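Please read them with the structure open.

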Amino acid sequence: MKIGVRIWILIIALFLAFLAIAPWKTLEKGVLVQSVEQNSSAFEEGLRKGQIITMIDGNSIESLEDFSKIILEKNYSNEKIKTLIKTNAGEFIIYSNESLGITVSSLPNTNLKTGLDLSGGSRALIKAKEKDLSSNEVSDLIDVITNRLNVYGIADVQIVPVSDLSGNNFVSIEIAGATPKDLEELISKQGKFESKIGNKTVFIGGEEDIASVCRNDATCARIEGCFDAQGGGYFCNFRFSIYLSQVAAERHAEITKDMPVNSTPQGNYLSEKLDLYLDDVLVDSLLISEGLKGRVTTQIAISGSGSGENKEDAINSAEEQMHKLQTVLITGSLPYKLEVVKLDTISPSLGKEFTKNIFLLGGVVFLIISIILFVKYKKIKITLSVILTMFSEAFLTLGIAALISWNLDAPSIAGIIAGMGTGVNDQIVILDESTSNTSISVKERIKRALFIIFGAFFTIIAAMLPLFWAGAGMLKGFALTTIISVTVGILITRPAFAEIVRRIQD
Amino acid sequence: MKNMEEIKEEKHNKRFSKEWYNKYYKILFLIPVLFLFISLIYLGYFYSKNGDFIYKDVSLSGGTSLTINGEVSQEILEPELKLIFPDVSFTHLSELTSKKQIALRIESSASPEDLKKEVETILGYSLTEDNSSVEFTGSSLSKDFYKQLIIALIISFILMSIVIFILFKSFVPSIAVIFAAFADIVISLAVIDYLGIKISAAGIAAFLMLLGYSVDTDILLTSRALKSQEKPLNSRIFGAFKTGIFMTLTALAAVVPAFFLITGLPDSFRQIFLVLSIGLTADIFNTWLTNAGIIKWYCDKKKIQ
C-alpha cells in the first residue's frame, strides 16, 4: 500500500515524539548527581550537578541502593580516604574525610516529568503580607529565596513568579522529592544577614547598616577584566560598591585599625577576611584591601571572580556571582513580611499509588472504548485505526510535554485523557460522515466532517483558554495538555486518520 | 453491494421520517427545559440556604486536607476530631482491584499544624512525609481562586458563544447550542449539589472543559440539520443522533470509570471526571431533546426540509 503525505507526517511526528520522550533512558544505569557542595573536594575535582555516576571504587552503581550501600561501607571518619568516582563526564579521584558532599537521585526513566501530586514533594505559594509586589520586587524576592534555598542545600527546586487574573503576584516554589522539615520557615522567614571580621560583627543586612548596594549600573558595578586561568579556562573579576551607614562604617574602622597587612601578588590585603553569613551559614569571604584599614569609609568595594571554560562562560559566571552577592547584601533581611498562602506536601509513596491507578484506569478505558468501537463498527481494521490514532494523539501530546519539560500533574493527565475522548469523537464523526451519505463523494463527506471537527476544536480551545490565568496557574496543566492534544489532533492525527479511512473504503 | 446499501438506507429513511417526531418534538423539547427549571429553582433554594451555589472543598474555602497513607480507621478518628473541628470530613481512597484502602483523607478548615497535632495524638504516631500528605490553602487565596475560576467560567462561556456564532452565522441555531451548553452546566451543578459533593478548583475547571466537550454534538446536529439536504430533515436529525449518541457514550466510557471504579486517584483527577460524567449525561438530553427541538422548529419555519 502506498503511504500518503499525511500518514508520513504522522509517522515522522511519532518518531520525533519518541526521541523527545526518550524511553530508552529506562535502560541507563547509574545515579544522577543532584547537588555538589561548594568548597568540597568533589566540587574542586570537577564533579557537578547533572553528571551520572556509574561506578565507585570499581563497583558498578545501578541504583540508589547501590550508591547508599557503597557510601555506607566507605565509613568516612577523620582520616581522608580516597574515592574513585566514574561518571559519564570522566573519572574523579576525591580525597575527603567526612562525606563526599554530594546528593544523588535515581536516574529518570524518560524525559517525561511528573508533577508533585504524582511524584511527591512540596509546593508553596507565597506572597507579601499587606503589600502588592511589583514584578521587579517579585523577581528580587525570587533571588532571595533561591539563594537561601541553595545555601540551605536544596538543589532540586523550581521557583517561578505567578500572577493571576486579579493581578496578584505570587512566588511559587516547588521542591521535588523529600521536603525539608522547616520549609515554611525557610521560605517565609525574614532572614538574618551578618558580615564579620573574625568574630566581630561589622554590619548586618538591611537598611540600618547598608545604605545601598550598587547594581545594574556599570559605573559602580561591573566585570573588571578576564584572564587566562592557570591550567586552562578563563576567569573574570567583578567589582561593585556598597554604601554602609555611618554607624556601620565607624564599626568597620574600629575593628580593622590594628589589623596586620598581607602582601600577595594580587595586591595588599588585611590579614583577616570579611565573612558574609546568611542565617549563620557562611556565604562568602571577601578580601579587604589595605587602604580600608582603620578608615571610616562608607563606600566599600566588594570584588570577586567567576570562572568558566571559555570567556563567555567566565563572564556569565562572574555576573552571576556578583548578582548573588548583591542580592545577599540587599535582602539578607527581606524588605517585607511574607505569607505562605498555600503549602502542599505530597508523600512520594501516595504519588506512586496514584500513578499506578492512573495506568490501571488507562487500561480500563482503553478496553471499554475498544469493545464499544468493535461492537459498533464490527470491523477490526476500523476499530484498530481509531485506537491507534487515539494512542498516537496521546503519545504526541506526551512528546510535546517532554520537549517543553512540562511537569505532568494529575490535571495534566486528565487533560490528555479528555483530549483522547474528543479525538475518538472526531474520528466517529469522520467515520459516520464518510459512510452515511453515499450519494456524494468521499472527499466532500470528509470536508463536512472537517467542518464539525474544526468547530469542536475552536470551541474547546476557547473554553479552556481562561484557565491559563485563573487560580494562580494551578490548573494550567489541564488547559495546556487539552489544547496540545486537540491541536495535535487537528494538525496531525485527524488528517492521517481521514486518509486511512479513505483507503480502507476505497 | 451499493444496491444493498441503498435499499438499507431507504428503509432507514422511511423509518426515521415517520411522523411521530413531527408530532412530539415540542413535548420532548420540554422535558429538559423542565429539568432546567427545576435545577434553577433548586440552585436558588441552595443559594439561600448555603450562601453559595456549591459546596466548596478546602481548596476553595480555605483549610487543610490531610491524607494519611494506609488503612487508617475513620471510626477511631471521627468522634474525637468532630469535637475539636466540627467541620471535619473524611474520604476513603482505595485500590481498584482489591478495594483495599490505600489512604484516608481528612479535610477541615483548621490549620495544618492544629489538625496534624490532633490526628497524631489520636493515632499515637507522628505524621511525616513518608506516611502522609498535607495540602493547605489560605482562606484569602481560596476566596480569590474561587472568584477567578467563576470569572474564567464566564469568559469561557462567552468565548465559546462567539465561536458558535462565527461558525453558524445565524441567530436561532447558535442560541440553541449556547442554551444547551448553559443547561448542561446548570443541571450538572444542581445534581452535584443534590448529591452533596464538594467541588474543588479542579472541579470548576472541569466545567470549562464541559463547555468545550459538550458542544461538539450540538455542532454535529446543527451542521447536519442545516447543511446537507439530500435527505429529509427528520432523517438528518436522527442520523446525527446516531452518530452523536455514540460519541457521547464513548466519551462517557472514558470518563465514568475514573470516577466510579477507582477512588485511589488524586482528588483533582476525580473531580474532573465526576463533572464530565454528570455533564455529558445531561448533555444527551439537552442536545437531542432541547437543541434538536429548536433546530427542528427553526428548519420547519425556514422551510429547510
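1. Start with a helix pair in chain B. Helix α7 (residues 171-194) of chain B and helix α8 (residues 201-227) of chain B pack at about 145°, and their axes lie 9 Å apart. Helices here are DSSP runs of H or I with at least four residues, strands are runs of E with at least two, and both are numbered from the N terminus. Axes are lines fitted to C-alpha atoms, for helices over the stretch in contact, and angles run from 0 to 180 degrees between N-to-C directions. The crossing of α7(B) past α8(B) is right-handed.

2. Which residues of α7(B) meet α8(B)? They are Pro173(B), Val177(B), Ala180(B), Ala181(B), Asp184(B), Ile185(B) and Ser188(B). Among their partners in α8(B) are Phe207(B), Leu210(B), Asp218(B) and Leu226(B). Contact means C-beta atoms, placed from the backbone, within 7 Å. By class, this contact of α7(B) with α8(B) has eleven nonpolar, three polar and two charged residues. Nonpolar covers Ala, Val, Leu, Ile, Met, Phe, Trp, Tyr, Cys and Pro; charged covers Asp, Glu, Lys and Arg; the others, Gly among them, are polar.

3. A word on provenance. This is a predicted model: local features need pLDDT of at least 70, side-chain atom pairs count only at pLDDT 80 or more, and totals for chains, interfaces and linings use all residues. Residues are numbered from 1 along each chain as its sequence is written, while chains are lettered from A and ligands numbered from 1 in the order in which they are written.

4. Chain B overall. Its secondary structure comes to ten helices and six strands. The C-alpha atoms of chain B fill a box of roughly 75 × 45 × 30 Å along the principal axes. Of the 305 residues in chain B, 52% are buried. Buried means 20 or more other C-beta atoms within 10 Å of the residue's own, exposed means 12 or fewer, and partly exposed is in between, with C-beta atoms placed from the backbone. Take contacts in chain B between residues at least 6 apart in sequence: 78% join residues at least 24 apart.

5. One residue to look at is Ile84(B), in helix α4 (residues 74-84) of chain B. Is Ile84(B) buried or exposed? Ile84(B) is exposed, because 12 other C-beta atoms lie within 10 Å. Ile84(B) and Ala110(B) are 26 residues apart in sequence, and their C-alpha atoms are 9.6 Å apart in space.

6. Chain A overall. The count is 13 helices and 22 strands. Buried residues make up 40% of the 506 residues in chain A.

7. A helix pair in chain A. Helix α1 (residues 5-21) of chain A packs against helix α10 (residues 380-403) of chain A at about 45°, with axes 8 Å apart. That makes α1(A) oblique to α10(A). Angles under 35 degrees count as roughly parallel, over 145 as roughly antiparallel, 65 to 115 as roughly perpendicular, and the rest as oblique. The crossing is left-handed. Residues making the contact include Leu10(A) and Leu14(A) of α1(A), and Phe395(A) and Gly399(A) of α10(A). By class, the contact has twelve nonpolar, two polar and no charged residues.

8. The chain A to chain B contact. Chain A gives 66 residues and chain B gives 70 residues. Elements of chain A that each supply at least two residues include β21 (338-346), α9 (348-377) and α13 (476-505). The chain A side divides into 40 nonpolar, 18 polar and eight charged residues.

9. Eight strands form an open sheet, with antiparallel pairing, in the order β9(A)-β10(A)-β8(A)-β21(A)-β5(B)-β2(B)-β4(B)-β3(B). Strands pair if DSSP finds at least two bridges between them. The edge strands are β9 of chain A and β3 (89-94) of chain B. The twist averages 20° from one strand to the next. α9(A) packs on the sheet, and its direction makes about 80° with that of β2(B).

10. Where the chains join in the sheet, β21(A) pairs with strand β5 (residues 132-137) of chain B over four bridges. Thr345(A) has Val134(B) as its bridge partner.

Notes: A crossing is left-handed if the near helix is turned anticlockwise from the far one by less than a right angle, and right-handed if clockwise. Two residues are in contact if their C-beta atoms, placed from the backbone, lie within 7 Å.
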